[in-house]
Every structure is written in C-alpha cells, then in structure tokens.
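Hi everyone, thanks for coming. I'd like to walk you through one structure today, a few residues at a time, so let's get it up on the screen.

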Amino acid sequence: MPLRSARDRGVPRDAVHHPLFARYYARISVGAETRMGMARVRERLLAGLSGRVIEVGAGNGLNFSHYPGTVSEVVAIEPERVLRQLAVEAALRAQVPVDVAPGAAEALPVKSEAFDAAVVSLVLCSVRDVPRALGELRRVLRPSGQVRFFEHGRGGGRVMTFTQRALDRTLWPPLSGGCHLSREPVAALREAGFALGPYRRLMMPENGPALPSSYCVLGTAWRPPGTPE
Ligand SMILES: C[S@@+](CC[C@H](N)C(=O)[O-])C[C@H]1O[C@@H](n2cnc3c(N)ncnc32)[C@H](O)[C@@H]1O
C-alpha cells in the first residue's frame, strides 16, 4: 500500500532523534529477549492476530519474528533512523511481509481504516502526545479493529510512584529516548475511546527486583464498531 509521507501529515521524516539511546536499546533489547523473558511476552502480545497490521514505534523489529502466519502484512512505523535501519534488516528475516517506514505515532503516514489491528509495545511511554497518538491508532483501524499493547507505566506503592514521577521530571526522559515511567496506558486507551479487552498486569523482569520501569500491562483494546474515526 502506498504510504503517505510523514511530512504530508505535519511530522518531519526523523521526528525522533536519539542516536545514543537507539544504539543502547538495540544492544540491551536483544539480550532481554531471553534474559528477561521478552520473547515470551512478544509471542503472547501477537498471538492470534490476522490480516493487515500496523506496528507503531517498531524499534529494531524484535516483534517481527513473532507475527503468526495468519498476518498478511505488517506496516511498521519507526521514527528513529538507527532503529529503523535495524528494523529493515529484521523485516528481511521475518516470516510475514513487513514494510518498514518512517513516521511518528502522532501523524501516521497511512490511510484511515486500513488495518485490522495495531500493535504498540513499549511505545506509549515515549510518544510526545499520547492522546494524539491514540487518536491516530483509532483513525487507521477499521471499526472493531483491535490494538494489542504491551506497555510499562505507573505502579507500586507511594514511594515507587513518587520515584517514578521524580525521575520523569528529571533524568529519565533525556537518558531513555524520551521514555516516561509514570504514564497510565490503560487509562489513556479508555480515554481515547477504545473498549478494553482482556489485559493483565505483569512485572518485568518477572522474578527480579521491582524497578521503576517494571510495572507492565499486556492486553487488547478495540475500536468500538459504529464509532467515528
Ligand atoms: C523502548 S523502544 C520499543 C521498541 C519496540 N516497540 C520494542 O518493543 O522493542 C521505544 C520506541 O518508540 C519509538 N518512538 C518514540 N517516539 C515515537 C513517536 N512519537 N512515534 C512513534 N514511535 C516513537 C522509538 O523510536 C523506539 O523505537
């Protein structure tokens, strides 16, 4: 499918520029597949998907090898140049067709209602404008299309949430490619008009120490039928 350029939608081609973080993430994320059990999470995130899928903030493409054969095409949007290049290489190894393109969640360079499903994993923490990004996911999904999400966010007791907020105001976003620790992805999906399907909270790493980034949620949400874009 021809993609509309990101520029047409008011977002420059490289809307996200975190080359140091990108190289760091590319290295640690591969190890986390086995060490932290991320490969198992990705398998669960994508199980049962079919048809045309858009993955937003695809990073270095670690989800690609987990898409089931029932998926006919994945359009993978990645704004960061270093990660996008790695995603292109991962797409070549994938078992389903994956088309990697530049763009940002806040202005997806694709037509409305063109996808059966949308995937975000560890992305809503980093986008600049969560409501706008979720509005875009809604726009590009067909009615009754689903969002699969795996995100981290606010969690733990008072000390932990205080720590998360303090880190968000200071060191964390500049050191972590714009990531925030105290966002609430489930509430954000609900506020954006998605119907929440099953979701479960989990800690990552599952059996390790509770870190400010450990409070994760894995689940499904739907664009309700008969709702406007
Ligand atoms: C922690 S990485 C996760 C990558 C990948 N989804 C995964 O599961 O490994 C966060 C990703 O979000 C991307 N990102 C940041 N801001 C974005 C935006 N505004 N629109 C789309 N992607 C964005 C980053 O470039 C990066 O690839």
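Okay, let's start with His66, which you'll find in the loop between β1 and β2 (71-77). Before I go on, keep in mind that this is a predicted model. So, is His66 buried or exposed? Its relative accessible area is 13%, and the cut-off for buried is under 20%, so His66 counts as buried. What does the histidine touch, leaving out residues up to four places away in sequence? The list is Glu33, Ala39, Arg42, Glu43 and Leu46. With Glu43 there's also a polar contact, side chain to side chain, at 2.5 Å.

Now have a look at helix α2, which covers residues 38-46. Which of its residues are buried? They're Met38, Val41, Arg42, Leu45 and Leu46. These residues span an arc of only 120° around the axis, which means they sit on the same side of α2. And what lies over them? The cover includes α1 (19-35), along with the strands β4 (115-121), β5 (141-152), β6 (195-203) and β7 (215-222). Just past the end of α2 you get Gly48, with a positive phi of about 85°.

Next up is Ile54, in strand β1, residues 51-56. Ile54 has 0% relative accessibility, so it counts as buried. Who are its partners? Again skipping residues up to four places away in sequence, Ile54 touches Val75, Ile77, Leu108, Val110, Phe115, Ala117, Ala118, Val119 and Val140. Take Val119 from that list: Ile54 and Val119 are 65 residues apart along the chain, yet their C-alpha atoms are separated by 6.3 Å.

On to the ligand. Which residues come nearest to it? Out of 18 residues around the ligand, those are Tyr25, Gly57, Glu78, Ala105 and Ser121. Tyr25 has a polar side-chain atom 2.6 Å from a ligand oxygen. In the side chain of Glu78, an N or O atom is also 2.6 Å from an oxygen atom of the ligand. With Gly59 we're looking at the backbone instead: one of its N or O atoms lies 3.4 Å from a ligand oxygen. How much of the ligand does the protein bury? On its own the ligand exposes 590 Å², and the protein buries 95% of that. As for the shell of residues around it, we have ten nonpolar, four polar and four charged.

Last topic: backbone geometry. As a rule, most residues other than glycine have a negative phi, and most peptide bonds are trans. Here are some spots that go the other way. Leu122, in the loop between β4 and α4 (130-140), has a positive phi, near 60°. With 24% relative accessibility, Leu122 counts as partly exposed. Then there's Ser144 in strand β5, where phi is positive too, near 70°. Ser144 is partly exposed as well, because its relative accessibility is 29%. And what kind of peptide bond joins Met204 and Pro205? That one is cis, with omega at about 0°. If you want to find Pro205 on the screen, look in the loop between β6 and β7.

Terms used. Residues numbered from 1 in each chain as written. Predicted model: local features only at pLDDT ≥ 70, side-chain atom pairs only at ≥ 80, totals over all residues. Heavy atoms only, no water. Buried < 20%, exposed > 50% of the residue type's maximum accessible area, 1.4 Å probe, protein only. Helix = DSSP H or I, 4+ residues; strand = E, 2+ residues; numbered from the N terminus. Arc of directions from axis to C-beta. Contact = heavy atoms within 4.5 Å. Near = heavy atom within 4 Å. Polar contact = N/O pair within 3.5 Å; in protein donor to acceptor, adjacent residues only side chain to side chain. Areas by Shrake-Rupley, 256 points an atom, 1.4 Å probe, with all protein chains shown as cover. Nonpolar A, V, L, I, M, F, W, Y, C, P; charged D, E, K, R; others polar.
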